[in-house]
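Subject: Structure handover

Dear colleague,

Here is the structure you are taking over. My notes on it follow below.

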Amino acid sequence: MKSGVILVFCLLCLSLSVSPSWGSDDRRQKWWKWPSTGKSICSSVVLPLYGNVYPQGFYYAQIHIGHPPRPYFLDPDTGSDLTWLQCDAPCVRCTQAPHPYYKPNNDLVPCKDPLCASLHSGDHRCDDEPDQCDYEVEYADGGSSLGVLINDVSLLNLTTGVRVVARLAIGCGYDQIPGPSYQPLDGVLGLGKGKTGIVSQLHSQGLIRNVVGHCFSSRGGGFLFFGDDIYDPSRIISTPMSRDYTKHYSPGYGEIIYGGKATGLKNLLVIFDSGSSYTYLSSKAYEGLLNKVTEELRGKPIQEALDDETLPFCWKGRRPFRSMRDVKMYFKPLALSFSSGWRSKTQFEIPLEGYLLISAKGSVCLGVLNGTEVGLQNFNVIGDISMQDKMVIYDNEKQTIGWTPANCDRPPRSDTMTI
Ligand SMILES: *[C@@H]1O[C@H](CO)[C@@H](O)[C@H](O)[C@H]1NC(C)=O
Ligand SMILES: *[C@@H]1O[C@H](CO)[C@@H](O)[C@H](O)[C@H]1NC(C)=O
């Protein structure tokens, strides 16, 4: 062993990660993979992301679950807590998935478990079926998943090179109703801050700090991370999470800035939601922004076009646009401004790439949609499109949301990580 201190930390991590019937070979591998520097043993998990905002419409992560571990493609969703898989329990209603449906073990989470209670608001009763925890999650787009909570293991690589087996409560979803923005995946990776969220579960096992973040690349792909040792905190711009609205990751109320100028479109309750590929504004703010944008286009050689049925506002030029560079003279950058303490403000900058996209036909389309129309009421949702090429960090311990411009093309390698 390299040093006593490392050993103590290691034992802490390993003893807290349950690895019941795992082969002794795996365990030996863990011991041999100790990092030579040993900066921080309980470190981070980094997962590559695949997919893009357009044309695919979603990003996904691969995680391994079960014994033996099988891969699943999951939608990383900071807007919800529960991780669930389409499940052969048997399945009543499942959608098409890239992998065979998850086959549950019989390690059911009992109804009395606090994790089960956290999925049920108020009316949580266990009289009928005390041995199992039924759940139903509903998403903003009207989609839902119904199932039962199961304990199973997930194989995770820590950035230190240590491989751990984490025991997680996950949903075995055997009845899914797809919403309009449904994605052909194996399930959802719940990154919300609730008790059932994967970050909270890994944190309670002593594996990581209660921090989650993502980096979506505008060229597709990116990475996701749990824990806090892959970024330099001094480079992060951050703002406190709202204390009034705590269900989602929200910095509270914000104002839209267009081309560097305040627009008066303010008191907008904002949520950061990686489960949404586009950004949604509530009706009034949406109309306000649309007015600003069309005002700016008046008299310019660009015309409204009907292009993509999911994107109601597109414009075409004399020749098809190929990249954002071609439309730079027509649009201005956006930003959202949040108050982050007594008289101090923080801006979340949204460059053209963060709210516009070039369609397959070469038009430029608004990637901001009318949230009121899809039932989001007064919420304003910052979706993947506006979070591209930024590291976005949700720190549930400091209760802050932070971001910094970043190259998201490749996950940082552990030996070059900053602490
Ligand atoms: C963990 O890392 C090893 C190699 O270091 C790799 O083969 C394996 O696929 C990784 N496992 C997961 C779950 O990412
Ligand atoms: C936004 O949606 C609401 C509700 O459907 C609708 O009343 C309003 O006209 C829409 N605004 C625009 C600009 O489409």
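For the classes used here, Ala, Val, Leu, Ile, Met, Phe, Trp, Tyr, Cys and Pro count as nonpolar, Asp, Glu, Lys and Arg as charged, and the others, Gly among them, as polar. This is a predicted model, in which local features need pLDDT of at least 70 and side-chain atom pairs count only at pLDDT 80 or more, while totals for chains, interfaces and linings use all residues. Residues are numbered from 1 along each chain as its sequence is written, and chains are lettered from A and ligands numbered from 1 in the order in which they are written.

Ligands

A residue is taken as near a ligand if its C-beta atom, placed from the backbone, lies within 6 Å of it.

Around ligand 2 are Ser283, Tyr286, Glu287, Leu290, Asn370, Thr372 and Glu373. This shell divides into two nonpolar, three polar and two charged residues. Helices (H or I, at least four residues) and strands (E, at least two) are DSSP runs, numbered from the N terminus. Helix α5, residues 283-297, gives the most to the shell around ligand 2, with four residues.

Positions from the UniProt record

The unreviewed UniProt entry lists Asp77 and Asp273 under "active site". Their spread is 197 residues of sequence, yet they cluster in space, with a largest C-alpha distance of 6.7 Å. UniProt positions are given in the numbering used here, feature names are shortened, and annotations may be inferred rather than shown by experiment.

Burial is counted from C-beta atoms placed from the backbone: a residue is buried if 20 or more others lie within 10 Å of its own, exposed if 12 or fewer, and partly exposed in between. Two residues are in contact if their C-beta atoms, placed from the backbone, lie within 7 Å.

Aspartate 77 is part of strand β3 (residues 70-77). It counts as buried because it has 20 C-beta neighbours inside 10 Å. Not counting residues up to four places away in sequence, aspartate 77 touches Val188, Leu189, Gly190, Leu191, Ser274 and Gly275.

Aspartate 273 sits in the loop between β14 and β15 (279-281). It has 26 C-beta neighbours inside 10 Å and so counts as buried. With residues up to four places away in sequence not counted, its contacts are Thr78, Gly79, His248, Val381, Ile382 and Gly383.

Strands

Two of those contacts, Val381 and Ile382, belong to strand β23 (residues 379-382), which is covered on both faces. Phe379 and Val381 are buried on one side, and Asn380 and Ile382 are buried on the other. Two strands pair if DSSP finds at least two bridges between them. Strand β14 (residues 268-272) pairs with β23 in the parallel sense, over four bridges. Within β23, asparagine 380 stands opposite valine 270.

Elsewhere, four strands form an open sheet in the order β16-β17-β21-β20, with antiparallel pairing. At its edges are β16 (303-305) and β20 (356-358), each of which pairs on one side only. From one strand to the next the twist averages 35°, where axes are lines fitted to C-alpha atoms, for helices over the stretch in contact, and angles run from 0 to 180 degrees between N-to-C directions. Strands β17 (residues 314-316) and β21 (residues 364-366) pair over two bridges, and tryptophan 315 has valine 364 in β21 as its bridge partner.

Backbone exceptions

Most residues other than glycine have a negative phi, and most peptide bonds are trans. The bond from histidine 67 to proline 68 is cis, with omega near 5°; proline 68 lies in the loop between β2 (58-65) and β3. The bond from alanine 89 to proline 90 is also cis, with omega near 5°, and proline 90 is in the loop between β4 (84-86) and α3 (114-119).

Asparagine 267, not a glycine, has a positive phi of about 55°. It lies in the loop between β13 (261-262) and β14, and is exposed because 10 other C-beta atoms lie within 10 Å. Aspartate 389 has a positive phi near 60° and lies in the loop between α6 (384-387) and β24 (390-395). With 18 other C-beta atoms within 10 Å, aspartate 389 is partly exposed.

Regards
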